[in-house]
Amino acid sequence: MNHWILELDEGPADGPRLAVKDAIDVAGTVTTVGCKALADRGHVADKDADCVANARAFGARIVGKTNLHELCFGTTGENPTFGTPVNPKWPDLVPGGSSSGSAVAVALGEADVAFGTDTGGSIRLPATCCGVAGLKTTIGRISVRGLWPLAPSLDTVGPIARDVAGLVLGMQMLEPGFTLDGVGAAGVIGRVASPVPVDPALEEVVDRALRDAERNVEPVELEGWDRGSRAFAAVIGYEAWQSDKDLMDIPGGVHDYVGERLRGCSFITAEAYEEARNEQRVWTEEVERLLKRVPVLAMPMLDAPPVRAGSDFQPNPLAYPWNMAGLPALALSLPGGPGAAIQLIGPRGGEELLLATAAVIEASTNY
């Protein structure tokens, strides 16, 4: 049961079951963020995070707080302190990070929706690794008040669910009045040329899904991908060190698994950070120009299948540049083995369009 930090049963008995990543405050519980230092501190949240408060108002039943990669800072989803959630679909592979417990709870059917956070792929990666679906929301659309920060300029909250209908339900919990009424799927999709080598089988999953959905596909390229990637490393590293450096002074408070990575971030200068923010603006402008021509972009979610449990790294080079642009991005797992998923990216505030498009792709999957 390593996917749970704390099991609860709060809310209407007939409400949809919601699991909450333990980086998000739930009133009356300690937000551990998967970290011994914070667990030992034992600070009990006096109120719900905004996203949890909205879910309660919707009628959700909170069934528990889920485990995660310590301090949200990692891609495998493994946690040496609290235990690693076991990938239900491929137990020998990592569950993906950082919202590993949230994806596992959904994949096991123990929650209808789970809230995760996505700063550099942390919803989409575990959703893909565990064979479910996840939605990274537009930066600023969903309040992050009550969320333990990793990189505040990039942090987002979003839903993980078994299918697109579950993601819609999750958005209804997060945002009062959310609806897809009157929203159609994108007729034209820009197929992004992968900027790094990608397993051909994972590329074919995307191409086949688009063919089966009978979408008009336009091949597109993004020349500034490397710029977005470089800038991300500096921005997340600098902000993560500012967020968590005080915890490093607590002996044994942060496991070396994450602590070593945080220490490396301490060398990122304020000047390098500001330069990265300038590069971020250039990258964002390029992506937004492209989205004026094609309403939705598509590419694989992973460049290679998930790694084996106990490995040090799960790649996510196709995920984090979209965080740098602040745009919504959706991962939908498809038949095809570990890592088979399509990633859809939409314009700012375009979650409705992404979900409508994903629903058509999901419905047309026939293999």
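**Entry 1: salt bridges**

I counted a salt bridge wherever a side-chain nitrogen of Lys or Arg lies within 4 Å of a carboxyl oxygen of Asp or Glu. The structure is a predicted model, in which local features need pLDDT of at least 70, side-chain atom pairs count only at pLDDT 80 or more, and totals for chains, interfaces and linings use all residues. Residues are numbered from 1 along each chain as its sequence is written, and side-chain values use heavy atoms, with hydrogens and water left out.

My search of the whole structure returned 21 salt bridges. I looked up Arg17 and found it bridged to Asp112, with 2.9 Å between the closest N and O atoms. This pair links distant parts of the chain, 95 residues apart: Arg17 is in strand 2 (residues 17–21), and Asp112 is in the loop between helix 3 (100–107) and strand 4 (113–117). Helices (H or I, at least four residues) and strands (E, at least two) are DSSP runs, numbered from the N terminus.

I then checked accessibility, where buried means under 20% relative accessible area, exposed over 50%, and partly exposed in between (1.4 Å probe, protein chains only). Arg17 is partly exposed because its relative accessibility is 21%; Asp112, at 23%, is also partly exposed.

Next I examined Asp22, which bridges to Lys65 with the closest N and O atoms 2.6 Å apart. Asp22 sits in the loop between strand 2 and helix 1 (36–41) and Lys65 in strand 3 (residues 61–66), so the bridge ties together parts 43 residues apart in sequence. Asp22 and Lys65 are both buried.

I also noted a bridge between Arg293 and Glu218, at 3.1 Å from N to O. Arg293 belongs to helix 9 (residues 270–293) and Glu218 to strand 8 (residues 216–220), so parts 75 residues apart in sequence are tied together. I recorded one network of salt bridges, which links Arg141, Glu175, Glu351 and Glu352.

**Entry 2: aromatic rings**

I paired rings of Phe, Tyr and Trp (its six-membered ring) if their centres lie within 6.5 Å; planes under 30 degrees apart count as stacked, over 60 as edge-to-face and the rest as tilted. The count came to five aromatic pairs. Trp225 and Trp322 form an edge-to-face pair, because their ring centres are 5.3 Å apart and their planes stand at 75 degrees. Trp225 lies in helix 7 and Trp322 in helix 10 (residues 320–325), so this pair joins parts 97 residues apart in sequence. Both Trp225 and Trp322 are buried.

Tyr238 and Tyr273 are stacked, because their ring centres are 4.4 Å apart and their planes at 20 degrees. I noted that Trp225, Trp283 and Trp322 make up one aromatic cluster.

**Entry 3: the largest pocket**

I took a pocket to be an open set of points on a 1 Å grid over the protein atoms alone, where a 1.4 Å probe fits, with protein on both sides within 12 Å along at least five of seven lines; lining residues have an atom within 4 Å of a point. The largest pocket is lined by 22 residues, of which Thr75, Phe232, Ile236, Arg261 and Asn316 lie nearest its centre. Helix 7 (225–244) and helix 8 (256–265) are the elements that give two or more residues to this lining. Helix 7 contributes the most, with five residues.
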